[in-house]
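This report covers one protein chain, from single residues up to the whole fold. The sequence and the model are shown below.

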Amino acid sequence: MPSRHAARADLRSRAIARLRAASRGLQALSPAVDLAVRLFVASVFFKSGLTKIATWSSTISLFENEYAVPLLPPEVAAFLGTGVELLFPVLLVIGLGTRFSAFVLFVFNIIAVVSYPDLGDVGLRDHQTWGMLLLVTLLHGPGKLSLDYLVARRLRAS
């Protein structure tokens with residue numbers, strides 16, 4: 001008959017083994033979650049950019065009358081804003097220059113909140129969510145399912 005001490009040690013070692021297995025399983029999901037975060041945030045900004053180019057005259061009107069973008073003429077702000085919303089989400093999705101892209105979209109997100117005073121509570125919560133997800137990507141990096149990872153791996157190999 002095993003002693004209480006031996007039984008506790010066995011129970012402890014089994015619990016530790018299960019926790020390690022669970023940790024490995026969660027770690028295996030990490031690349032997919034990193035990609036899902038990038039895809040979700042990128043789709044929000046990219047769709048907004050597509051909306052802007054679909055009705056350019058309405059976009060110019062928004063920048064003239066609704067958005068209070070400081071220091072830039074409305075036409076320039078509209079062009080730059082639309083460009084950011086169309087280019088950087090693509091880079092975010094493929095994982096090329098991912099941290100820089102996340103940073104640009106994070107700053108762009110802040111500018112959008114500051115420039116549109118009539119955003120409302122729901123809009124503000126949406127922008128906070130997107131900002132937090134961009135911050136996760138900025139701080140954590142793109143993960144293994146990215147061109148950045150492949151490039152870094154090739155550079156380390158050579």
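## His127 in α5

His127 sits in helix α5, which covers residues 120–140. Helices here are DSSP runs of H or I with at least four residues, strands are runs of E with at least two, and both are numbered from the N terminus. The model is a predicted one: local features need pLDDT of at least 70, side-chain atom pairs count only at pLDDT 80 or more, and totals for chains, interfaces and linings use all residues. Residues are numbered from 1 along each chain as its sequence is written, and side-chain values use heavy atoms, with hydrogens and water left out.

The relative accessible area of His127 is 14%, so the residue is buried. The classes are buried for under 20% relative accessible area, exposed for over 50%, and partly exposed in between, with a 1.4 Å probe and protein chains only. Apart from neighbours within four places in sequence, His127 is in contact with Asn109, Ala112, Val113 and Leu119. Contact means heavy atoms within 4.5 Å.

Helix α2 spans residues 56–65, and Thr59, Ile60 and Phe63 are buried in it. Viewed down the axis of α2, its buried residues fall within an arc of 100 degrees, so they line one face of the helix. The arc is that of the directions from the helix axis to the C-beta atoms.

Cover for the buried residues of α2 includes α1 (4–54) and α3. On the other side of α2, Ser57 and Asn65 are exposed.

## Loop residues

Pro70 lies in the loop that runs between α2 and α3. Its relative accessibility is 52%, so Pro70 counts as exposed. Pro70 and Ser115 are 45 residues apart in sequence, and their C-alpha atoms are 7.8 Å apart in space.

Gly97 belongs to the loop between α3 (74–94) and α4 (98–115). With 33% relative accessibility, Gly97 is classed as partly exposed. The C-alpha atoms of Gly97 and Leu147 are separated by 8.4 Å, while the two residues are 50 apart along the chain.

## Lys47 in α1

Lys47 is part of helix α1. Its relative accessible area is 55%, so Lys47 is exposed. Between Lys47 and Pro89, 42 residues apart along the chain, the C-alpha separation is 9.6 Å.

## Overall fold and dimensions

The protein has 6 helices and 0 strands, and the pattern along the sequence reads α-α-α-α-α-α. Its radius of gyration is 23 Å, well over the 15 Å that the globule rule gives for 158 residues, so the protein is more spread out than a compact globule. The radius of gyration is taken over C-alpha atoms, and the globule rule is 2.2 Å times the number of residues to the power 0.38. Along the principal axes, the C-alpha trace spans about 85 × 45 × 25 Å.

Of the contacts between residues at least 6 apart in sequence, 69% join residues at least 24 apart.

## Surface and charge

Buried residues account for 26% of the 158 residues. The accessible surface of the protein is about 10,500 Å², and 68% of this belongs to carbon and sulfur atoms. Accessible areas come from the Shrake-Rupley method with a 1.4 Å probe; for residues, only the protein chains shown count as cover.

The protein has 16 positive and 10 negative charges, and their mean positions are 28 Å apart. Lys and Arg count as positive and Asp and Glu as negative, while His and the chain ends are not counted. The place of a charge is NZ of Lys, CZ of Arg, CG of Asp or CD of Glu.
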